[in-house]
Amino acid sequence: MTSISILLVANSILVGAASVSGQIVTDNGAAPAQARVFAEPGLGGALLETDVAADGTFRFEGVPSGIVGVFAIAEGFGWTGVSKTIAASDDVTGLRLTLSPAATVSGSVVDQKGKPVSGAHVTRVLLQGSEKVGIPLTKLAAIGFTEPITTESGAFSVSGLPKGGKVALKVAHASYAQTAAEGIAVGATGVKITLMQGILVQGTILTWDGSSAVANTAILFRNASPPHDTSIVSSDATGEFHLRLMPGVYAYQAAGTDLRSPGWQRVTITGAESVQSISMRVAGSAHLRGTVQDAVTSAPIEGARLTLTTYGNPSAVAVTGKSGAYEFVGAQGENVVSVDAAPGYRRPDRPILNVQAKQGDSLDLPTFWMTRLPAFAVRVVNESGEPVPGAVVRLIRPMQYQWYVTDANGRAELQVATSPPGDKLVGTAEHLREPVGALFAMDMRSESEATVQLTPWARVTGKVVDAKGKGIGGVVVGAIFQGDADSELLPLWRTATKPDGSYHWDAVPAMITSVCVARFEGGVLVRSGPFTASPSQVTPIGPIVLADDKKAGDSKTGKSLLGQKMPWKRDRAGDSGVPSLQGKLALVSYCSPGDAALVVDGMESVVRALGPDTIAAVAFVDGVCSIESDTVQILRGTAPGAASTYVLDHEGVVTMETVGLPPAIAFHDVASKE
């Protein structure tokens with residue numbers, strides 16, 4: 001990469017703020033009386049409130065860019081809202097906040113011994129509907145709302161919640177680590193939340209030169225493990241802070257009105273000692289803004305992703321809106337702004353700006369100019385050089401959830417939104433009904449079309465074991481190029497181990513030097529030795545051994561269903577978990593609501609290739625989903641095993657487990673066994 005060191009002129013006016021507008025209505029479409037609406041720009045941001053007109057319309061001006069929660073309430077109704085990622089200078093319109101009748105959640109808070117905890121605060125409610133948004137009860141308490149606090153018996157009651165919905169509650173107490181309880185049905189009584197003592201973390205916020213303490217500064221601690229829960233504490237009048245955290249890896253950052261720490265820093269709460277101390281220093285803040293534009297037309301580029309690094313620490317991420325503008329709040333001193341990607345565009349040759357800022361600066365940065373990606377295509381031929389119509393092409397770098405099918409000339413056009421690392425497209429092509437395929441790579445800077453010749457697939461077998469040689473089932477195993485670093489793994493294929501720890505894969509690119517990688521709990525990766533598989537041959541892979549001091553996984557995800565009937569079940573929310581397969585082959589995928597559109601679109605491409613009379617496609621979404629499809633059944637549910645995607649034969653028996661879309665060979669292998 002090439003970086004540019006630049007001298008900037010300070011601009012005293014902040015122009016990157018956005019506006020947000022919409023309407024509040026009741027569930028019958030009427031405007032509520034005396035509604036109030038708020039915006040929360042980030043967990044550490046101060047609340048914004050604006051007026052609500054008689055018809056329920058509202059408008060916020062001067063909203064900082066980033067993730068913003070917009071939420072409303074009215075007498076007799078529960079909270080409602082949405083969470084939006086807002087770009088600098090955006091004018092977000094058309095938000096519709098629908099109020100439902102108010103209901104409550106009640107229960108008790110106890111410690112790890114089951115004793116009631118008094119004085120615990122319900123600090124935040126997350127509304128878990130089709131639109132998720134957090135309601136910051138602690139911040140609202142400062143302007144007259146009630147923050148629920150447990151009684152001497154540990155009892156609590158949270159009112160003003162939307163009837164019929166689900167919520168998550170955050171509970172905090174000075175003597176315990178913050179706890180989040182998820183999936184609570186509104187109206188529930190007898191909810192029990194257990195607080196753990198955790199580890200006391202304490203520290204002092206100092207100015208950058210260490211000369212004085214800094215009071216009233218918010219410090220955020222974000223857990224590196226899912227669900228990435230964030231705890232917030234403020235420094236007191238002496239600059240000190242105290243909170244309790246469970247052992248784990250955290251990213252932390254201090255952010256005040258005028259002072260902030262240099263990006264997110266990392267700390268491991270080990271639990272080896274009962275108290276862990278952290279020293280933090282904050283510097284003056286500076287506003288950095290710029291635009292991303294088309295190098296040919298000068299038009300603004302929407303959806304460009306940029307990152308800010310301060311003193312070598314990751315600090316923030318921004319995405320441009322329709323204006324192509326972005327804005328960061330950096331720190332005085334060394335800041336690095338880089339443009340990472342933009343849909344349909346190539347990353348610039350000079351994607352990095354080095355910025356030296358002073359406290360209070362408001363700086364206009366040079367424009368990032370980007371050029372559009374050309375159209376790419378592959379032409380698939382057999383061993384005789386003849387075109388192969390109906391071949392399946394899949395991209396694995398950049399990873400896509402999509403089947404492309406070649407036309408009568410053996411050609412398929414690839415839709416690429418962003419440049420992968422190294423500007424190299426990598427994918428596979430295979431015959432729809434014969435066990436032949438190939439791996440291909442294209443240099444995006446020099447090629448717009450590649451010819452791929454199919455050869456017989458290779459096969460591999462292997463086993464994952466513990467230090468005593470016992471097989472470990474339900475572990476996700478995949479193949480990568482031998483030279484891939486752990487931070488940039490290219491999964492050529494992925495599957496899950498059987499209960500005895502064994503695995504196999506029948507669509508292996510031949511004559512490619514690879515290694516197998518097993519992924520365990522906590523992100524632990526263990527590699528096999530390198531191997532090069534031969535066409536039409538079975539290559540045994542040496543055992544992948546998990547060391548004694550590592551964890552193999554948990555019982556929830558460490559599970560293989562290969563050779564078993566799919567364990568359909570009824571979801572807790574009442575949605576049917578038993579799809580109608582009508583005796584067809586089946587493709588079943590499990591995903592989050594955020595990935596549902598992508599997954600359903602990819603599954604539709606498989607149905608188009610194989611035909612709706614051949615295959616049934618079912619997407620289980622772990623949450624509320626509004627996606628509709630004519631060819632994919634969409635139900636609620638969570639993955640029953642380690643994989644996210646399953647192929648079923650005509651009797652509902654699992655014949656393949658993988659992550660992402662399966663290879664075409666999965667379906668003609670199943671068909672040949674019927």
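**A strand and its partners**

Modeller: In strand β27, Val339 is the bridge partner of Leu306. This is a predicted model, in which local features need pLDDT of at least 70 and side-chain atom pairs count only at pLDDT 80 or more, while totals for chains, interfaces and linings use all residues. Residues are numbered from 1 along each chain as its sequence is written, and side-chain values use heavy atoms, with hydrogens and water left out.

Another antiparallel pair is formed by strand β52 (residues 645-648) and β53, with 4 bridges between them. Leu648 faces Val654 of β53 across this pairing. The hairpin has 5 residues between its strands, and Gly652 adopts a positive phi near 80° there. Strand β53 (residues 654-658) is mostly covered, with 4 of its 5 residues buried, where buried means under 20% relative accessible area, exposed means over 50%, and partly exposed lies in between (1.4 Å probe, protein chains only).

Arg289, in strand β23 (residues 275-294), counts as buried because its relative accessibility is 4%. The side chain of Arg289 makes a polar contact of 2.7 Å with the side chain of Ser362; such a contact is a pair of N or O atoms within 3.5 Å, where within protein one must be able to donate a hydrogen and the other to accept it, and residues adjacent in sequence count only if both atoms are side-chain atoms. Ile135, in strand β11 (residues 132-136), is buried because its relative accessibility is 1%. Ile135 and Trp79 lie 56 residues apart in sequence and 7.8 Å apart in space, C-alpha to C-alpha. Ser157, in strand β12 (residues 155-162), is partly exposed, since its relative accessible area is 43%. Ser157 and Val517 are separated by 360 residues in sequence and by 48 Å in space, C-alpha to C-alpha.

As for cysteines, Cys516 counts as buried because its relative accessibility is 0%, and Cys591 is buried at 11%. A search of the whole structure finds 0 disulfides, a disulfide being a pair of cysteine sulfur atoms within 2.5 Å.

The structure holds 1 cavity of 30 Å³ or more, a cavity being a set of points, on a 1 Å grid over the protein atoms alone, where a 1.4 Å probe fits but cannot get out. The largest cavity has a volume of about 40 Å³, volume being the space filled by probe spheres set on the points, which are joined across faces, edges and corners. Its lining, made of residues with an atom within 4 Å of a point, includes Arg394, Trp457, Trp493, Trp505 and Pro663. The lining residues divide into 7 nonpolar, 1 polar and 1 charged, with Ala, Val, Leu, Ile, Met, Phe, Trp, Tyr, Cys and Pro counted as nonpolar, Asp, Glu, Lys and Arg as charged, and the others, Gly among them, as polar.

How values were computed:
Helix = DSSP H or I, 4+ residues; strand = E, 2+ residues; numbered from the N terminus. Pairing = 2+ DSSP bridges. 1 Å grid on protein atoms, 1.4 Å probe; cavity = no way out; pocket = protein on both sides within 12 Å on 5 of 7 lines; lining within 4 Å.
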